[in-house]
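Hi,

Here is the structure I promised to pass on. My notes follow below it.

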Amino acid sequence: MRQLPPLAAVRVFEAAARRGNFTRAAEELGMTQAAVSNQVKLLEERLGIALFRKNGRGVALTSAGERIAPQVSAALDGLSEAFATARAEDEAVMTISAPGTFSTNWLARRLGSFQVARPELAVRVLVTDTIIDLASSDADVAIRGAHGPWPGLVSHFLMRMPFTVMASPDFLAAHPPIRTPADLLGLPRVSPDDSWWALWFESVFGDAAVASQPGVDFQSQVHIGNAAVAGHGLAMLSPPMWLSTIAEGRLVQVLPEMVYYKNSFWLVYPEAKRNLPKIRAFRDWLLADVRASLGDDPYGALVPPPADM
């Protein structure tokens, strides 16, 4: 274990030794001359040796002070360089934590425009549905599903999570026309036991129970949507996550009924990072791109959720 004196006192000693004057050291460090004198005295008492001697109205280094001053300056230069390197590396990398569906179906398709706008940044995406601790992880920001602003973090509302029944045109062409929610009941459904099905049926049928049915179960909206695109059944999906697929005509909304999940997507980051240039740049780009992607917002995703949800 290293036996180090107080680093604050070491820093004061180095400045005083380099400046050759307590007053100029105090000016450099933003301290009073008395505070500099006290820190030097603390260091001398800890070491058991004198580092400065009076020299007229000023001070001069003792022989011990002269021996250690260059080594102390070199050590502090090394620390400064190490932290400057770490800071530069951090400022050059933007790390985003985001859940799987948002990362794959929304962010990955658009992040290139941010990279073009900020070519000096290396952008990394950590794809995870697990809530990570932004204070101790490598991630600078996170996109999270939550009821409202995340406690203890700066939070920006991105969009709600509307969901509705969707299917491929080929699937719809191969089955009887669907005009009402009741027409869905006899048709194949992808992940029929997914909780979004229960919420949607509850919304349109009230308390009436809807019988379950066998079917392939997927744990990811990405897999559910791809199965629907392949024509394997009706799927309960959030249209904002499938904008390009809808635009290409590979998925269509089957019925007009739209339900909103209790959580919305939020951009969050620690308060201490609020003013970092890379954080401001990503925040501004993301908020603008979310709104641009949804255009006139046909799904009501840009309407903030009620505060009492």
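Met166 stands opposite Gln253 in strand S8. The pairing behind this is antiparallel: S6 (residues 154-167) and S8 (residues 252-253) are joined over two bridges. Strands here are DSSP runs of E with at least two residues, numbered from the N terminus, and two of them pair if DSSP finds at least two bridges between them.

Before going on, a word on the source: this is a predicted model, where local features need pLDDT of at least 70, side-chain atom pairs count only at pLDDT 80 or more, and totals for chains, interfaces and linings use all residues. Residues are numbered from 1 along each chain as its sequence is written, and side-chain values use heavy atoms, with hydrogens and water left out.

Back to S6. Met166 also stands opposite Ala235 in S7, and S6 pairs with S7 (residues 235-237) in the antiparallel sense over three bridges. With S9 (residues 259-269), S6 has an antiparallel pairing over eight bridges, and there Val154 stands opposite Tyr269. As for cover, 14 of the 14 residues of S6 are buried (under 20% relative accessible area, 1.4 Å probe, protein chains only).

The other find is Asp140, in the loop between strand S4 (122-127) and strand S5 (141-146). Asp140 is buried because its relative accessible area is 1%. The Asp140 side chain makes a polar contact with the side chain of Lys278 at 3.2 Å; such a contact is a pair of N or O atoms within 3.5 Å, and within protein one must be able to donate a hydrogen and the other to accept it, while residues adjacent in sequence count only if both atoms are side-chain atoms.

Best wishes

Key: Buried means under 20% relative accessible area, exposed over 50%, partly exposed in between (1.4 Å probe, protein chains only). Helices (H or I, at least four residues) and strands (E, at least two) are DSSP runs, numbered from the N terminus.
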